[in-house]
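Let's take a walk through this structure together, starting with a pocket and ending with a ligand. Keep the 3D view open as you read.

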Amino acid sequence: MWITNGTVADVAIVWAQTDDGIRGFVVPTDTPGFSAREIHKKLSLRASVTAELVLDNVRLPASAMLPGVRGLKGPLACLNEARFGIAFGTLGAARDCLHTALTYAIDREQFDRPIAGYQMTQQKLADMTLELGKGMLLALHLGRLKDQHAITPEQVSLGKLNNAREALAIARECRSILGGNGITLEYPIIRHMNNLESVFTYEGTNEMHTLIIGQALTGLPAFR
Ligand SMILES: Cc1cc2nc3c(=O)[nH]c(=O)nc-3n(C[C@H](O)[C@H](O)[C@H](O)COP(=O)(O)OP(=O)(O)OC[C@H]3O[C@@H](n4cnc5c(N)ncnc54)[C@H](O)[C@@H]3O)c2cc1C
């Protein structure tokens, strides 16, 4: 379920349990038995299609199997790369939200003063600026570790969890600064907010990254 571009792709990379452990397969999407069904009514990440893939008695030549990758290491290595990118991408969305809210708050007047001049609005703007800055420093630090080939999957979890969570919180807070205007697509905030809901869930849910960090700290897996 939930495979991005599943109905438009020419090949699918499928990781499957075999007698030889988990192996990767390159599956041409015109293989008999392969079908993809688009998931409709999404209110998040609407710019890309998302699909359910069905493999019914699909038969492949041995050459379709990815060589030299056994076990969860292959898929997890792919995910580690994508999750690292998400630690940055979420901040771009948060930055756009904050910029929009700040500009709006300076323009919008209530009782003859910009709403940016009220202490509660300034509290929101200051707190969000702090979280955005902390997220950027975290992402930058992880990038430097990656350059040194010293980054661990648990550190990537810290970045994905924190930056997706805080970007979503920033988007929600920014939306409140725009009042009613915050819920329209005239402004980018609600679009970022809805998209960040998917980012909160994919590439390892918020809960899974929490458990990865919990395991790293305690040595105790709490996944089941
Ligand atoms: C728009 C979109 C695009 C996507 N694109 C792709 C893609 O291209 N490729 C791909 O492989 N996947 C993709 N995904 C899938 C995404 O990774 C999954 O949706 C995600 O991993 C959650 O799985 P699930 O939806 O089955 O939720 P579930 O596993 O049913 O989880 C539901 C909730 O229960 C929690 N939960 C589940 N198990 C536990 C547990 N043991 N302990 C504590 N909490 C638990 C989860 O954290 C979550 O909060 C996409 C998802 C979306 C929404």
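The lining of the largest pocket draws at least two residues from each of strand 1, strand 2 (11–18), strand 5 (50–55) and helix 1 (73–107). Bear in mind that you are looking at a predicted model. The volume of this largest pocket comes to about 870 Å³. It is lined by 24 residues, and those closest to its centre are Trp2, Ile3, Ile13, Trp15 and Leu79. Sorted by class, the lining has 19 nonpolar residues, along with four polar and one charged.

Now turn to the ligand. Which elements each supply at least two residues of the shell around it? They are strand 1 (3–4), helix 4 (189–201) and helix 5 (206–218). Helix 5 gives the most, with three residues.

The ligand has 14 residues around it, and Trp2, Thr4, Thr205, Glu207 and Phe223 come nearest. By class, this shell holds seven nonpolar, five polar and two charged residues.

Thr4 places a polar side-chain atom 2.8 Å from a nitrogen atom of the ligand. Thr205 likewise uses a polar side-chain atom, which lies 2.7 Å from a ligand oxygen atom. With Phe223, a backbone N or O atom lies 2.7 Å from a nitrogen atom of the ligand. As for cover, the ligand taken alone exposes 980 Å², and the protein buries 51% of that.

Notes
Residues numbered from 1 in each chain as written. Predicted model: local features only at pLDDT ≥ 70, side-chain atom pairs only at ≥ 80, totals over all residues. Heavy atoms only, no water. Near = heavy atom within 4 Å. Polar contact = N/O pair within 3.5 Å; in protein donor to acceptor, adjacent residues only side chain to side chain. Areas by Shrake-Rupley, 256 points an atom, 1.4 Å probe, with all protein chains shown as cover. Helix = DSSP H or I, 4+ residues; strand = E, 2+ residues; numbered from the N terminus. Nonpolar A, V, L, I, M, F, W, Y, C, P; charged D, E, K, R; others polar. 1 Å grid on protein atoms, 1.4 Å probe; cavity = no way out; pocket = protein on both sides within 12 Å on 5 of 7 lines; lining within 4 Å. Points joined across faces, edges and corners; volume = space filled by probe spheres on them.
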